Amino acid sequence: MTNSGVAMWEQRWHPLREEWVIVAAHRNDRPWHGERAAATATRAPAYVEDCYFCPGNRRVGGACNPQYHSVFVFDNDHPCVGPDAPQSLAAAPGIYRNSPATGIARVVCYSPLHNVTLAELDESEIRTLLLAWREQYIELAARPEVRHVLIFENKGEVVGVSNPHPHGQIYATNFVFKTIETEAIASRRHYAEHGRVLFQDIIRSEVTDGRRVLTENGSAIVFLPYFARYAYECYVAPRETHASLATMSDAELTDLATALKWLLVRYDNLWQMSFPYVLTLHQAPTDEGDYRGFHFHIECHPPLRKPHLLKYLAGPEVGGGNFLSDTLPEVKAAELRALPAVHYRAARP
Ligand SMILES: [Zn+2]
Ligand SMILES: [Zn+2]
């Protein structure tokens with residue numbers, strides 16, 4: 001072992017992904033001489049003429065955005081999945097298989113303001129976004145060809161987003177994304193074997209331990225899970241089991257908005273920078289499957305583990321297929337919990 005602090009090697013089981021996460025916490029002390037992500041400190045204007053998402057502007061596809069005042073949803077002009085994907089494919093060679101990939105891709109603008117982020121919206125605005133997400137999920141799920149609705153936000157240049165206008169995306173597809181499928185299978189098996197919801201058992205374990213719970217309110221909880229793969233990976237979830245946003249009450253949505261806001265403000269306050277992340281809603285597939293054991297939650301995966309320092313996916317992750325975490329979830333949870341409640345940009349005079 002090295003002399004760089006207390007070394008810790010441990011495998012922790014990720015019950016939703018059904019894989020081991022290797023915690024090697026002393027590695028965090030390694031000196032770093034490599035690349036650093038650049039932080040942008042200056043605030044952009046509230047309206048940008050050549051932004052495809054600002055109200056009144058023309059988009060790539062030629063359509064014009066309305067003068068919207070709240071959340072605005074439109075079909076993606078450059079979709080990764082489209083409704084017109086070819087249905088008859090050439091047979092795959094040899095042992096290989098293929099299948100048509102079809103879907104609907106949409107963009108969700110969170111605000112008409114170009115220069116705010118989700119963390120800076122107030123709780124009622126975040127609640128409005130949750131309502132819009134719920135409406136989208138219900139509408140798209142009703143289509144027979146749609147088997148899954150993936151709602152997500154990529155935030156920050158380090159995760160490939162060049163336009164800072166606050167927005168997320170929706171992929172409604174004829175296939176179920178792998179992580180959701182894995183979670184659905186694990187949840188179904190747990191429900192069949194124990195008669196309990198797997199995610200409820202996770203919440204119970206987190207609450208009983210307490211060290212990784214970040215905040216709780218009437219019906220929502222935020223925690224940095226025992227099995228976190230990324231340093232600041234956090235889950236935001238309703239306490240009651242809902243397979244998706246569709247069955248959540250208005251009061252639960254209000255609490256969920258409060259919980260999400262709590263987390264995103266801490267993220268930004270951590271290093272006083274707009275914190276990059278991949279935020280994904282994990283909702284049950286929308287095919288005819290049995291999802292009684294599936295518990296809707298939001299997962300946030302920030303790629304940074306130190307200021308401007310990316311967690312690289314390398315040998316263990318890409319080559320070996322298991323995450324190696326440099327940090328202890330208990331330590332990172334305490335770090336987030338200790339941060340101020342007011343967003344650092346709002347707190348400035
Ligand atoms: Zn804009
Ligand atoms: Zn999940």
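In H1, Glu 123, Ile 126, Arg 127, Leu 130, Leu 131 and Arg 134 touch Asp 250, Leu 253, Thr 254, Leu 256, Ala 257, Thr 258, Leu 260 and Lys 261 of H4, with contact meaning heavy atoms within 4.5 Å. Sorted by class, seven of the residues in this contact are nonpolar, two polar and five charged. This is a predicted model, with local features needing pLDDT of at least 70 and side-chain atom pairs pLDDT 80 or more, while totals for chains, interfaces and linings use all residues. Residues are numbered from 1 along each chain as written, and side-chain values use heavy atoms, leaving out hydrogens and water.

The axes of H1 (residues 123-141) and H4 (residues 250-270) come within 8 Å and cross at roughly 120°. The two helices are therefore oblique to each other (under 35 degrees is roughly parallel, over 145 roughly antiparallel, 65 to 115 roughly perpendicular, the rest oblique).

Now for the salt bridges. The count comes to 23, taking a side-chain nitrogen of Lys or Arg within 4 Å of a carboxyl oxygen of Asp or Glu. Here are some of them:

| Pair | Closest N to O |
|---|---|
| Arg 212 and Glu 206 | 2.9 Å |
| Arg 239 and Glu 216 | 2.4 Å |

Arg 239 sits in the loop between strand S9 (234-238) and H4, and Glu 216 in strand S7 (residues 213-216), so their pair ties together parts 23 residues apart in sequence. Arg 212 is buried at 3% relative accessible area, and Glu 206 is buried at 2% (buried is under 20%, exposed over 50%, partly exposed in between, with a 1.4 Å probe and protein chains only).

Note on methods
Chains are lettered from A and ligands numbered from 1 in the order in which they are written. Axes are lines fitted to C-alpha atoms, for helices over the stretch in contact, and angles run from 0 to 180 degrees between N-to-C directions. Helices (H or I, at least four residues) and strands (E, at least two) are DSSP runs, numbered from the N terminus. Ala, Val, Leu, Ile, Met, Phe, Trp, Tyr, Cys and Pro count as nonpolar, Asp, Glu, Lys and Arg as charged, and the others, Gly among them, as polar.
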